[in-house]
Amino acid sequence: MEQARPKAALKRIRLREQFAWMPFVLPGVTVAVLLTVYPTYSVVSASLFGDTAKGTAFVGLDNFAALFRLPQMELYLWNTFLWVIISSTGALVLGVIGAFALEVRGIGLRGLLRSLLILPWIVPHVAAAIVWKWFYSSEFGMLNHVLQSLGIIKRPLNWLSDPALALGAAAVLQVWGTFPFVMLMVSAGLQSIDGSVLDAARVDGAGWFSEAVHIILPALRNVMFIITLILVVWALNSLIAIWILTQGGPAGATSTMPIYIYSAFRDFNLSAASAASCLLLAVSLVFAGIYVLRVTKGA
Amino acid sequence: MKRLLTFGAAVLLGATSTQAETIAWWLPNWDEKPARAIVADYETANPGEKVEIVITTWDTMAQKILVGLQSRNAPDVITELESRTLRYARKGLLADLTGVVTELGKDDFVPSALATGEYEGRYYSVPFRHDGAGLYYNKDLFAAAGLDPERPPQTWAQLVEYCKKLTVTKDGTTTQYGIAWPLGNVNNGVERYLPLLYDHGGKLFNQDQTRFTLDTPEAIGALDAMANLFKTGVAPMSSLEVDNTGLRELFLNRRIAMYYSGPFDVQPILEAGIKVGTGVLPGLNGMGVTTVDGFSLIVPAHSSKQKAAEQFVAFVGQPKNQARLTATFPPSYTALKYEQFSSPYLQPFIVQLGRVENMPNHPKWNELERILFDNIQAAVLGKKTSAQAMADANAQMNGSL
């Protein structure tokens with residue numbers, strides 16, 4: 001009996017120590033859960049309700065069915081696919097080139113260069129998009145002026161009003177805004193490569209191509225995979241670049257799913273906006289799930 | 001104890017009475033200055049009454065008002081776009097303001113303004129700003145093209161002819177166009193097509209608004225009229241990049257000689273030093289049609305201070321206060337005669353109010369106008385003929401109904 005008392009006290013102390021983190025962590029976790037779970041629940045719930053003859057009522061999956069009956073849905077999905085491919089690939093390529101360029105030996109003012117290249121990522125997206133809109137303007141735009149001065153084009157191109165150019169032009173803005181992230185991540189990956197391995201390869205006569213293919217790229221595989229997933233999720237949810245540059249035009253050439261969702265919300269069609277959001281969320285979740293699995297596995 | 005109870009009761013009564021006399025008014029930021037002056041006058045004229053102003057912005061006001069009304073969490077008085085009012089009235093979200101309209105004098109209002117808040121014979125809004133478009137033209141560019149700077153085009157045929165004369169090409173590049181349209185923005189673009197549709201004798205819907213009627217020769221003719229300006233090169237393709245503000249920039253930079261806009265553009269153009277002229281919209285047979293819109297005061301049905309709100313709305317709705325609050329024109333005939341609206345630049349806009357159509361108020365209009373917009377753009381780009389574009393728009397919009 002005498003021994004049982006200290007044992008119970010010890011157990012209590014241990015338990016208290018074991019859960020000492022809770023008061024510190026719980027408020028943050030609660031807020032985070034509320035901010036994530038409630039909006040998601042709200043959107044999913046709104047996607048299952050709609051206007052009926054008896055007012056707003058549960059309509060099951062009718063809103064999703066209506067979404068796929070939309071004549072423009074095929075165009076929205078195709079544009080979204082193109083948008084994700086072009087903007088993610090562009091950011092990946094430019095970011096990797098930037099990261100490699102910064103690692104070139106003998107390059108001066110590396111810190112300053114890195115800071116300058118990160119600027120597009122820091123600039124507020126709306127402000128940047130407005131500036132780019134002027135840059136692309138077929139009447140006053142700097143881009144046409146430069147290209148004409150260099151003799152590359154004879155007449156101004158309608159970057160934002162030609163359906164053949166508009167999606168690409170908007171994707172360039174998305175690439176411009178996201179490549180610094182890729183560059184930073186790849187730079188970090190490059191710096192984590194053991195220098196002695198590279199030195200040993202050089203001693204063994206490996207050229208830059210062999211170095212890149214056999215040492216650097218395999219070392220960056222995990223980083224590149226994660227970057228790609230993040231870029232895809234960003235592109236899937238990207239609205240500002242297209243909305244400010246073209247509002248989804250000309251003639252629907254840049255209408256993507258986020259543009260449809262935003263337009264539906266602005267037009268008070270909450271059911272359609274929610275159903276489309278759920279659809280996009282499901283696609284994003286696939287990529288997010290792969291990302292989480294990969295990161296967890298890596299950890 | 002008795003004293004204490006009396007004091008408590010007095011405090012409670014005082015608090016209740018103060019609360020009952022304070023109403024909240026949501027209004028857009030551009031109205032803030034005159035609104036504060038009107039509120040100050042109202043509070044002076046009605047001691048004890050208080051009006052709390054909450055500022056909204058153009059980008060957020062539609063959602064904010066909709067959510068506020070639906071969640072019964074809106075203030076007592078709201079400034080809202082005329083063309084959105086009926087949507088709320090149909091859902092029973094607004095208080096009946098017929099008494100206020102009658103008190104202010106129904107006959108003193110421009111009919112198209114009152115119609116924006118009329119539902120089943122009752123009025124659910126009190127308009128204070130109401131305007132349509134007119135024609136702006138650059139007098140210097142007219143003179144340089146050999147046109148009379150005091151005579152803007154009177155008919156559509158004249159407009160087309162003037163556009164040709166006002167389009168200037170140097171070394172194969174067009175440096176100045178006759179006219180441009182705000183086809184880079186859904187609302188602005190459709191708002192410019194609709195007057196052409198009405199002027200051609202077309203209708204957007206059938207009588208009971210159950211079907212769109214855009215595959216008619218009139219609707220196709222209206223789109224043809226617009227698209228031909230692009231095909232003949234007198235309107236720039238950069239129209240597809242600009243909204244109303246961008247259009248004004250093109251005009252200020254002398255890239256275009258004419259454009260359509262509301263009376264609010266007069267001041268910035270004069271400030272930029274442009275020799276500007278204004279005129280009514282040229283139509284097929286004389287003055288064309290303009291769509292009109294504006295802003296009204298509404299009172300949520302759930303407001304617990306409806307009497308105080310109605311009293312305030314009746315005060316703001318007086319002609320002199322309409323004139324103070326409007327950024328363009330008031331819908332009151334009495335106010336329209338005031339000195340501030342006598343500028344020669346504004347007269348064509350007042351004349352134009354004689355041939356107007358209201359913006360559509362169909363519950364699904366905003367959702368569906370995007371389809372019409374995409375097809376207008378397709379016709380202008382030459383991707384579809386006007387007949388194809390209108391047939392597609394009609395089928396898709398009716399399908400979505």
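Two strands pair if DSSP finds at least two bridges between them. Helices (H or I, at least four residues) and strands (E, at least two) are DSSP runs, numbered from the N terminus.

This is a predicted model, in which local features need pLDDT of at least 70, side-chain atom pairs count only at pLDDT 80 or more, and totals for chains, interfaces and linings use all residues. Residues are numbered from 1 along each chain as its sequence is written, while chains are lettered from A and ligands numbered from 1 in the order in which they are written.

**The sheet.** Chain B holds an open sheet of five strands, ordered β8-β9-β10-β7-β11, with mixed pairing. β8 and β11 of chain B each have a single partner strand, so one side of each is left without a neighbour in the sheet. In chain B, β7 and β10 run antiparallel and are joined by four bridges. Gly134(B) in this sheet faces Ser261(B) of β10(B).

| Strand of chain B | Residues |
|---|---|
| β7 | 134-138 |
| β10 | 256-261 |
| β8 | 168-170 |
| β11 | 276-279 |

**The contact between chains.** Residues are in contact if their C-beta atoms, placed from the backbone, lie within 7 Å. Chain B gives 22 residues and chain A gives 19 residues. On the side of chain B that touches chain A, α17 (365-380) and α18 (386-400) of chain B each give two or more residues. α17(B) gives the most, with six residues.

**Confidence.** pLDDT is the predictor's confidence in each residue, from 0 to 100. Chain B averages 91, and 95% of its residues score at least 70. The model scores ipTM 0.75 and pTM 0.81.

Notes. Contact = placed C-beta atoms within 7 Å.
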